[in-house]
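Hello,

Here is the structure I promised to hand over. Please open it first, then read my notes below.

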Amino acid sequence: MQYYEMMGFAQGSDPCLEEDTSIDLPSPASAALFLDFDGTLVDIADRPDGITVTDAARDVLARAFDKLDGRVALVSGRAIDDLERWVPEFTGPLIGAHGSEFRLDGERVQAADYDMEMVSRLQRLVEDFGKLRPEFLVENKPTGVVLHYREAEHLAATAFHFMESLAQAADGFKLQPALMAYELKPECVGKDVALRRLIEREDFVGHVPIYAGDDLTDEPALQLVQDRGGIAIKVGPADTCAGHRLHDPAALLKQLGGWLA
Ligand SMILES: O=P(O)(O)OC[C@H]1O[C@H](O[C@H]2O[C@H](CO)[C@@H](O)[C@H](O)[C@H]2O)[C@H](O)[C@@H](O)[C@@H]1O
């Protein structure tokens with residue numbers, strides 16, 4: 001068992017979990033669509049810079065933007081600068097760094113106040129730790145830092161203990177377990193908090209929210225959407241509160257492609 005699973009979030013596939021191949025989605029004219037990025041729109045890769053945004057993914061984003069009259073947003077743990085590099089053609093709303101940053105109507109907004117000095121300090125500490133164990137990959141974000149152990153699974157517990165200790169010491173920051181990674185992020189941010197703000201905007205309100213996500217960080221947003229009468233789709237095999245499940249990004253793109261045809 002990986003340390004990540006010990007923390008309560010199973011990654012392993014469970015043959016008992018059924019895929020929901022025909023989700024009854026509302027008409028695009030009455031819907032708003034929110035998509036997580038890694039593991040949902042694109043397949044997970046060995047490294048953050050190793051992903052491929054397929055033509056199918058770009059096509060679904062473009063058609064959703066058109067058919068839903070702009071009511072489609074990406075909701076990601078990645079920073080907005082990073083998302084913009086991967087999908088430069090997408091002009092819709094972006095929620096980045098787990099809800100710390102927004103891009104709305106083409107404008108950048110910082111969603112939360114956090115201690116920038118502390119971010120720099122944490123980044124330095126994690127970078128130094130990463131130099132001691134180059135098997136880890138360190139990813140800096142404007143709001144924090146991630147220690148990836150995908151290429152050193154046997155060091156998962158080491159990664160956890162180090163990052164957990166920093167979280168205990170860093171006022172206003174918390175540990176966010178993710179897929180084969182531990183992140184330090186401001187404790188006031190969350191995808192659900194950011195999503196609530198977007199859902200309540202004039203152009204989104206009154207439309208049925210649909211959210212698809214694969215990771216632990218998506219669970220509060222999946223719950224929020226269900227609480228608002230919307231549709232929550234879990235991508236992948238992990239435990240979830242979502243009412244629907246699809247196996248992988250390809251299955252999601254197929255569903256959405258059919259819906260938007
Ligand atoms: O909220 P998301 O859009 O799903 O972003 C979550 C994190 O995604 C990236 O890390 C994850 O995907 C990498 C590429 O597939 C993979 O190598 C890594 O193990 C995963 O944790 C990204 O690097 C993080 O910043 C995001 O928070």
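The shell around the ligand draws on both domains: at least three of its residues come from domain 1 (26–112 + 189–259), and at least three from domain 2 (116–186). Those domain bounds come from an automatic or database domain assignment. In total, 23 residues surround the ligand. The closest are Phe 37, Asp 38, Pro 48, Ser 76 and Gly 77. By type, the shell has 10 nonpolar, five polar and eight charged residues. Here Ala, Val, Leu, Ile, Met, Phe, Trp, Tyr, Cys and Pro count as nonpolar, Asp, Glu, Lys and Arg as charged, and the others, Gly among them, as polar.

Two notes on reading the model. It is predicted: local features need pLDDT of at least 70, side-chain atom pairs count only at pLDDT 80 or more, and totals for chains, interfaces and linings use all residues. Residues are numbered from 1 along each chain as its sequence is written.

Next, the two domains. The C-alpha centres of domain 1 and domain 2 lie 25 Å apart. Across the boundary, 16 residues of domain 1 are in contact with 13 residues of domain 2. Contact means that two C-beta atoms, placed from the backbone, lie within 7 Å. The side of domain 1 that touches domain 2 has seven nonpolar, five polar and four charged residues.

Now the whole chain. The protein chain has eight helices and 12 strands. These are DSSP runs, numbered from the N terminus: helices are H or I with at least four residues, strands are E with at least two. The radius of gyration is 18 Å, close to the 18 Å that the globule rule gives for 261 residues, so the chain is as compact as a globular protein of that length. That radius is taken over C-alpha atoms, and the rule is 2.2 Å times the number of residues to the power 0.38. Along the principal axes, the C-alpha atoms fill a box of roughly 50 × 45 × 35 Å. Of the 261 residues, 44% count as buried. Buried means that 20 or more other C-beta atoms lie within 10 Å of the residue's own; exposed means 12 or fewer, and partly exposed is in between, with C-beta atoms placed from the backbone.

Helix H6 (residues 191–199) and helix H7 (residues 219–227) pack at about 35 degrees, with their axes 7 Å apart. Axes are lines fitted to C-alpha atoms, for helices over the stretch in contact, and angles run from 0 to 180 degrees between N-to-C directions. Lys 191, Asp 192, Leu 195 and Arg 196 in H6 meet Pro 220, Ala 221 and Leu 224 in H7. That contact has four nonpolar, no polar and three charged residues.

Finally, some single residues. Most residues other than glycine have a negative phi. Asp 69 has a positive phi of about 55 degrees. Asp 69 sits in the loop between helix H2 (55–67) and strand E2 (72–75). Asp 69 is partly exposed because it has 13 C-beta neighbours inside 10 Å. Ala 97 also has a positive phi, about 50 degrees. Its loop runs between strand E3 (94–96) and strand E4 (101–104). Ala 97 has 27 such neighbours inside 10 Å, so it counts as buried.

Best wishes

Terms used:
A residue is near a molecule or strand if its C-beta atom, placed from the backbone, lies within 6 Å of it.
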